[in-house]
Amino acid sequence: MAPFDVTARDGAARAGVLRTAHGDVPTPAFMPVGTKGTVKTVDPDELRALGTTILLGNTYHLHFRPGEDLVAELGGLHRFMAWDGPILTDSGGFQVFSLRDTITGVDDDGVTFRSVYDGQAARFTPELVAEIQAKLGSDIAMCLDICAPVDVTRRDLEEAVRRTTAWARRQRAAPRADGQLVFGIAQGASDPELRRRSIAETVELGFDGYALGGLAIGESRGVMFETAAWAADLLPVDAPRYFMGIGDPEGVLEVIERGVDMFDCVLPTRTARTGSALTWEGRLNLKNARFARDPRPLDEGCACPACRRFSRAYLRHLVNQNELLGLRLLSLHNLRFLLELTANARAAIERGELRAFKTEALERLAAAG
């Protein structure tokens with residue numbers, strides 16, 4: 001049985017169900033990022049209550065701390081972090097190639113770099129990242145790829161595409177955990193020829209799902225959305241489509257409308273740690289003095305723990321005093337905001353009303369901003 005079914009369509013947008021070893025994921029789906037085996041400050045039970053259906057873990061960081069062998073010894077990543085739902089692990093490729101100063105060599109076999117933790121030499125190959133993810137026991141493992149920077153030369157971008165395909169072929173053949181799905185990643189930035197080539201080569205290998213990598217890394221928003229539209233259309237209709245690294249409200253709605261099924265971003269928790277909230281009034285910086293006596297919740301009608309019980313004035317007090325509760329409450333709210341936005345977009349697709357829903361949402365955010 002194929003792991004993915006499209007259950008409704010509205011233009012290019014799709015609602016669907018992704019089946020994994022730890023449960024079904026209704027799509028479109030936003031994946032909160034649990035880099036080191038935790039979504040910062042948030043308990044797994046709270047994640048469930050917020051509407052989370054799938055989490056993302058980071059192969060790079062878990063490999064170095066605490067190590068995949070220790071995680072496997074303690075029952076795998078699900079048991080280790082006490083999350084019984086689906087988990088996707090990235091390959092660590094983005095971390096390696098975004099930390100360019102740590103790279104000491106790239107060749108057809110893999111990439112050599114210095115660990116960001118202790119500076120010791122380390123090496124990733126497609127076979128090793130497959131082995132790490134198998135030991136972690138994630139439901140979805142991502143292929144090792146080369147995410148080239150936005151200012152890369154075309155020659156280097158072409159080389160990144162070539163190696164990404166070659167590495168995907170090797171990881172496709174590598175052992176995996178029982179029931180583990182493997183997703184290929186298409187690179188090529190916004191270059192039409194190279195992106196099309198990468199998609200064609202990756203699809204030919206036959207993965208359980210496909211990701212669009214190398215976007216949302218500094219190119220203009222217009223170029224990013226335009227590329228996402230025609231690139232998603234080239235991916236198989238019967239497999240999940242994953243846009244890597246987007247999580248702002250506008251971006252989420254734009255990629256959903258273009259046929260993307262899954263996406264992730266650290267934005268909700270990172271924004272919370274800067275003292276800001278994602279709301280229907282736009283992004284609120286709680287450090288601002290105008291909230292000092294504001295008795296209202298962050299968002300009227302929001303059912304998150306922050307909005308049910310606390311005022312903006314109190315949250316501002318917590319933020320300005322660096323109280324951990326403030327960071328936790330803002331994280332809970334921001335996650336709830338994006339998860340609920342995604343769930344409502346799915347419902348709109350099922351009704352055939354996504355365009356109206358998106359237009360209303362963006363107008364509401366723009367008016368507030």
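How do the residues of the lining of the largest pocket divide into nonpolar, polar and charged? In this predicted model, the lining comprises 15 nonpolar, 15 polar and 7 charged residues. The space within the largest pocket amounts to about 870 Å³. Its lining is formed by 37 residues, of which Phe-94, Gln-95, Asp-264, Val-266 and Arg-270 are the closest to the pocket centre. Two or more lining residues are given by each of strand 5 (55-58), helix 5 (93-98), strand 14 (262-265) and helix 11 (267-273). Among these elements, helix 11 gives the most to the lining, with 5 residues.

The surface was also examined for nonpolar patches. Leu-70, Leu-74 and Phe-80 together make a nonpolar surface patch of about 250 Å². Within this group, Phe-80 belongs to helix 4, which spans residues 77-81. Phe-80 has a relative accessibility of 36% and therefore counts as partly exposed, since this class lies between the limits of 20% for buried and 50% for exposed residues.

A further position considered was Asn-322, which is located in the loop between helix 13 (312-320) and helix 14 (324-351). The relative accessible area of Asn-322 is 67%, so this residue is classed as exposed; the cut-off for that class is over 50%. Along the chain, Asn-322 and Arg-336 are 14 residues apart, and a distance of 22 Å separates their C-alpha atoms.

Definitions and conventions
Residues are numbered from 1 along each chain as its sequence is written. This is a predicted model: local features need pLDDT of at least 70, side-chain atom pairs count only at pLDDT 80 or more; totals for chains, interfaces and linings use all residues. Side-chain values use heavy atoms; hydrogens and water are left out. Patches are made of residues with over 30% relative accessible area and no salt bridge: like charges are joined within 9 Å, nonpolar side chains (Val, Leu, Ile, Met, Phe, Trp, Tyr) within 5 Å. Accessible areas come from the Shrake-Rupley method with a 1.4 Å probe; for residues, only the protein chains shown count as cover. A salt bridge is a side-chain nitrogen of Lys or Arg within 4 Å of a carboxyl oxygen of Asp or Glu. Helices (H or I, at least four residues) and strands (E, at least two) are DSSP runs, numbered from the N terminus. Buried means under 20% relative accessible area, exposed over 50%, partly exposed in between (1.4 Å probe, protein chains only). On a 1 Å grid over the protein atoms alone, a cavity is a set of points where a 1.4 Å probe fits but cannot get out, and a pocket is an open set with protein on both sides within 12 Å along at least five of seven lines; lining residues have an atom within 4 Å of a point. Grid points are joined across faces, edges and corners, and a volume is the space filled by probe spheres set on the points. Ala, Val, Leu, Ile, Met, Phe, Trp, Tyr, Cys and Pro count as nonpolar, Asp, Glu, Lys and Arg as charged, and the others, Gly among them, as polar.
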